[in-house]
Amino acid sequence: MSVTHARVVIIGGGVMGCGLAYHLAHEGWTDIVLLEKSELTSGSTWHAAGQITHSTSSFSLGKCVGYNIDLYSQVLEKETGQSVTWHGCGSFRLAYTEDEFDWLRQTMSVGRALGFEMELVGPERVRELHPFYNLEGVRAALYTPDDGHVDPAGATFALAKGARQLGATITRHCRVVDVKPEPNGEWRVYTEQGEIVCEHVVNAGGTYARQVGKWVGLDVPTTSMTHHYLITDTVPEFMDLERELPVVRDDRLVSGYIRMEQKSGLIGIYEKANPNTVWVDECPWEAEHELFEPDYDRIMPWLENAMGRMPVLAELGIKQAIHGAISHPPDGNPLIGPAPGLRNFWLNCGCQIGIGWGPGLTRELARWMVHGAADINMRDYDPRRYGKFADQDYQVTKAKEDYLLRHEIPFPHLNRTAGRPVKPSALYDRLKNKGAVFEEVYGWERPRWFARGGLEQRDYYSFRRPAWHDLVGEEVRAVRERAGLVDISAFTKVEVSGPDAAGFLDRLVPNRLPSKPGRIALTHLLNDTGRVELETTIVRFAEDRFYFTCAAFFEQRLLDHLAFSRRPDEAVTITNLSEEWGAVALNGPRARDILCACTDAALDNAAFAWLTAQPIAVAGQKVWAFRMSYAGELGWELHGPRDSLPVIYDALHEAGAAFGLADYGSFAMNVMRLEKMFKGAGELTNEVTLPEADVMRFVKMDKPDFRGKRATEAALAEPPRWLCAYLEIEADGICDGNGGEAVVLDGRVVGSVTSIAYGGSVGAILAFAYIAPQAAVPGTELDVIIMGEARKARVRDEPAYDPQNRLPRTDAEPLDLNGKAIANA
């Protein structure tokens, strides 16, 4: 091998590795070396079935699949001259039940926002385009005419050829054997043919990704699961067809898909029992074009159903059985982005639908690497969403769970319960015994809502108002009228200290740091493009001690952002307290009365002002109390050692019984923050700048400098691409929206919803949406497409609840929405 230096080394020559090489070259980086131990596609790519559909309820993934279909059908072959064998046959996704029908309606709403051509049709239209499918019991179908399938090898070879044409080097039969960091921050890649020193390394190893990760100390959370698809003998009824039949996705009865493969039938099955793992520890290096013997016993119930659905296949033989390994991360989403704790080491793996998702995701990774930010929200794919809690047992358990969910309805708030709990808070048992239904956030168990009034303590799923809707409304009312207590231990908690801490942080954040101990500031961390990395609250504990708290998901992102920004000569210590400390939030007009009963500290406005912090003792436990409220009420957050929480929780409830104190969960928290017009992680993403997010009130442009300042100045000088608007939407009492819905002005799509929920305190659906600037003017009348139907909406310029923000700052009786005193509850 003649190459000894490169900007980027990509390890792995499947569709993900070749897709990244292609897109990096198109973004202007051509000093790329891709290393493949065997032939391109010889891992999992070659045995992919190759289907791709616009039918997705994920807005970010929808952007990727739309790009991919255009790339395969219109661009790649023309650019490279390499055949990709695109079959634009369209596809159907069938619905047998009302829940499945609702899934299609939700997909239509998201598809409208993305500009996809799709149509809800009845069985007659399906029969017209696909006369061979048994439609007994089918209520409707989503027809996506621009869908199709592609030859996996041809598409990958075309991506590789496109990369080579722009200057990238692709070397086959050159196995990487190790990767080590260099003292200057570069990487040394060891291969069977020599060494390459490079600035960036990308792990695109597919089923080998775990062992590639081990070279640099990573436990890459992927598990190899095996999947079957079968090709039948030639189908006589297909011989005289003038056009290819659409792909049929039958999630209920087949748990997979059926399509034509030339003049044969192809049946793909994701069985719903006994999923199979292979190579749990390591994939053998000699495994090339590896397939396993078919396990007909495992898939037989669904194969029999497939034959019943397609009777023309029932009497035919199986001429080929493809049973190959596919990588599954614990939640099913690919690992695309920076490796946790490592600079310039990237993951590009764990993509179970590589042909369908890969090119779009690798385009975004290329943009991330070259420009510092992707152009779609990468939260669902960022590898830093996992921590040490995701050990191998967890990985295998969750991968099996994901496999079984592959063709299940993707309900809103779908709770994946296998292998839990892994990180229960100190209050977990108490809350569980009181009816808490938990969700997992960065491994933590966080209460969503509390089962009461005869409702079972379990998950209830629906695209419409679910069974817990009224109970969440009761939790909100408890906070608004009396007081509520919520476990927020899942929040990231990081301390930054040392003689240089203040100067270090001041050059990172766009807001002013808290000026003295006991002060609190809300701010953001930006990348060099001026896009938002995360939102965080900073509390100044002392002149040289600062405490960060932010959403649980951002723990590793915060740690990396801080660690990679610290200069070698700066005396700064970064301490992760996320697991050592816990926290609760007490909110509501009676919060002060309850907390006063548990502490000797003075809590009136003069002694403890809004947006200040103090160390106090609560029930004899020393904690830091922050006077702030995500609920928009009088309230305090109490942060301190994990073991102190049970004592504090019990004392608050004992004191709060007389005031009607109630427990509440994250669903109520989300409703209240929307009522208060507080933006969340769905609005503050890597896609947007601070002006676009409409959070410039937290930015001090007169600061000499902060990371992302020049890009923020440029954003202020240019017309915005979109703006974050706050919408009030009419409610119908049936469905309140699920996110991703299209926003329409005068019949034209102008954006999409990021967060949405029914605000019971104000009697309306409330949402944030990124929309065209001309549509974001306060008072503008819009339509939001919820479950396929238009709802009237209006742009607001102030919170729906307590618009003057008097309640969190009050030192007197509770106030109504207009600031008038009301009777105590």
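This is a predicted model: local features need pLDDT of at least 70, side-chain atom pairs count only at pLDDT 80 or more; totals for chains, interfaces and linings use all residues.
**Stop 1: the nonpolar cores**

Begin by selecting Ile10, Leu20, Leu24, Leu76 and Met369. In the largest nonpolar core, which has 71 residues, these touch the most other members. Next, centre the view on leucine 24 and display its surroundings. Residues up to four places away in sequence aside, leucine 24 touches Val8, Ile10, Trp29, Ile32, Ala366, Met369 and Val370. A separate, second core comprises 41 residues; Val437, Val472, Cys724 and Tyr770 are among them. As general background, nonpolar side chains in soluble globular proteins tend to be buried together.

**Stop 2**

Select residues 91-95, which form strand E4. Five of the five residues of E4 are buried, so the strand is largely enclosed by the rest of the structure. Which residues cover the two faces of E4? On one side lie Ser91, Arg93 and Ala95, and on the other Phe92 and Leu94, all of them buried.

Within E6, tyrosine 143 is the bridge partner of phenylalanine 92.

**Stop 3: histidine 54**

Select histidine 54, in the loop between strand E3 (51-52) and helix H2 (59-80). Is this residue buried or exposed? Its relative accessibility is 6%, and histidine 54 therefore counts as buried, the limit being under 20%. Display its contacts next: beyond its neighbours within four places in sequence, histidine 54 is in contact with Val65, Gly66, Ile69, Phe116, Met118, Thr144, Asp146 and Asp147. The side chains of histidine 54 and aspartate 147 are joined by a polar contact of 2.8 Å. Glycine 66, 12 residues from histidine 54 in sequence, is 6.5 Å from it in space, C-alpha to C-alpha.

**Stop 4: helix H16 and glutamate 687**

Select helix H16, residues 666-675. Nine of the 10 residues of H16 are buried, so the helix is largely enclosed by the rest of the structure. The buried residues include Phe667, Met669, Met672 and Leu674, and also Arg673 and Glu675. Following H16 is methionine 677, whose phi is positive, near 65°.

Continue to glutamate 687, located in the loop between H16 and helix H17 (690-693). With 13% relative accessibility, glutamate 687 counts as buried. What does the side chain of glutamate 687 reach at 3.4 Å? The atom reached is the backbone nitrogen of asparagine 377. Show the rest of the surroundings: with residues up to four places away in sequence not counted, glutamate 687 touches Lys63, Asp375, Ile376, Asn377, Arg531, Glu692, Arg721 and Trp722.

**Stop 5: aromatic rings**

The structure holds 28 aromatic pairs. For one of them, select tyrosine 726 and phenylalanine 768: the pair is tilted, at 5.3 Å centre to centre with 40° between the planes. Tyrosine 726 belongs to strand E33 (residues 723-729) and phenylalanine 768 to strand E36 (residues 764-771), so the pair ties together parts that lie 42 residues apart in sequence. Both residues of this pair, tyrosine 726 and phenylalanine 768, are buried.

Then select Phe541, Tyr547, Trp581, Trp624 and Phe626, which ring pairs link into a cluster. Arginine 465 lies over the face of tyrosine 758, at 4.4 Å from the ring centre, and arginine 480 lies over the face of tyrosine 801, at 3.8 Å from the ring centre.

**Stop 6: glycine 740**

Finally, select glycine 740, in the loop between E33 and strand E34 (742-745). Glycine 740 is buried, with a relative accessible area of 7%. Which residues does glycine 740 touch, not counting those up to four places away in sequence? They are Phe59, Ser109, Val110, Ala113, Ser752 and Val753. To end, draw a distance from glycine 740 to glycine 308: the two are 432 residues apart in sequence and 36 Å apart in space, C-alpha to C-alpha.

Notes:
Residues are numbered from 1 along each chain as its sequence is written. Side-chain values use heavy atoms; hydrogens and water are left out. A nonpolar core is a set of buried Ala, Val, Leu, Ile, Met, Phe, Trp, Tyr and Cys residues joined through side-chain atoms within 4.5 Å. Buried means under 20% relative accessible area, exposed over 50%, partly exposed in between (1.4 Å probe, protein chains only). Contact means heavy atoms within 4.5 Å. Helices (H or I, at least four residues) and strands (E, at least two) are DSSP runs, numbered from the N terminus. A polar contact is a pair of N or O atoms within 3.5 Å; within protein, one must be able to donate a hydrogen and the other to accept it, and residues adjacent in sequence count only if both atoms are side-chain atoms. Rings of Phe, Tyr and Trp (its six-membered ring) pair if their centres lie within 6.5 Å; planes under 30 degrees apart count as stacked, over 60 as edge-to-face and the rest as tilted. A charge sits over a ring if NZ of Lys or CZ of Arg is within 6 Å of the ring centre and within 35 degrees of the ring normal. Two strands pair if DSSP finds at least two bridges between them.
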